[in-house]
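Got your viewer open and the cartoon drawn? Let's walk through it one selection at a time.

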Amino acid sequence: MPLHDWSELSGWDGVHLLWMSELLRYLKARLPAGFRTYLSSGPAVAIGAPSLRPDVAVRAHESNAAVELAPSPGGAEPDVEVAVASLDPAPALFVERDGRLVSAIELVSPRNKDRPVARTTYLSRYAGYLIEGVHLMLVDVHRRPVGFSFAEGIAQELQIPNSPALPPPMAASYRVGEPAAGGGRLLAIWRRPLSVGAAIPSLPLPLTTDAAVTVDLESTYMGAAADAYLA
């Protein structure tokens, strides 16, 4: 089944979850012994990203004494009080070994890049995998916003030289290798431009520096699209 034009089509959220499920079943049947895969929200490996949800708790202590609350700084009333959009953690597919995250597959959604704060947050999340030594497969089938690419953002963030442009729709796979002689780590990258109306190529998902699973993005996408009643 050829790739749909998601700039002209609705229903991505359903296809996203179905595609993730297809990828989960695909990987589960092919992972070597000792590896396990699961779906979850993104782990806290992003570097320098704002928290997706504040971790705020109020603990009540039993006491007979009255509790005095300090007044709000700057007066009793705030100068401004507005509602702001929140960033819900996007689901991803993870592979772990011996309790340690080794690989991730991320399918980009439009809301991951529809605002500057979203682009900054998710770019930090994706680059954070690589900085923490986690292999990554990143798939973005959404052409908008024009002129923005997470693949190019990762290249700039990690200062990858001679990195050619890879606008969406695109797929890329990153293998984090051994420490490099000049500092840092070796990074192997597979880049695949995608085309609306064409088949989606397969890509390797690295598990270690020497082992990988070839992921059939086309057949898993076909299964998700069929379950979502897309022709």
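One term before we click anything: a residue is buried when its relative accessible area is under 20%, exposed when it is over 50%, and partly exposed in between, using a 1.4 Å probe and protein chains only. This is a predicted model, in which local features need pLDDT of at least 70, side-chain atom pairs count only at pLDDT 80 or more, and totals for chains, interfaces and linings use all residues. Residues are numbered from 1 along each chain as its sequence is written, and side-chain values use heavy atoms, with hydrogens and water left out.

**Stop 1: H4.** Select H4, in the segment before α1. Helices are DSSP runs of H or I with at least four residues, strands are runs of E with at least two, and both are numbered from the N terminus. Is H4 buried or exposed? H4 counts as buried, because its relative accessibility is 13%.

**Stop 2: α4.** Y221 is one of the buried residues of helix α4, residues 217–227, along with L217, E218, T220, G223, A224 and A225. Zoom to the start of α4, where a side-chain oxygen of D216 comes within 3.2 Å of the backbone nitrogen of E218. After α4 comes Y229, with a positive phi near 65°. To see what covers the buried residues of α4, show, among others, α1 (12–28), β4 (135–140) and β5 (170–179).

**Stop 3: α1 against α4.** Which residues of α1 meet α4? Pick V15, L18, W19, E22, L23 and Y26; across from them in α4 are L217, T220, Y221, G223, A224 and D227. Contact here means heavy atoms within 4.5 Å.

**Stop 4: A151.** Finally, jump to helix α3, residues 150–157, and select A151. A151 has 2% relative accessibility and so counts as buried. Leaving aside neighbours within four places in sequence, A151 is in contact with L166, M170 and Y174.

Conventions
Polar contact = N/O pair within 3.5 Å; in protein donor to acceptor, adjacent residues only side chain to side chain.
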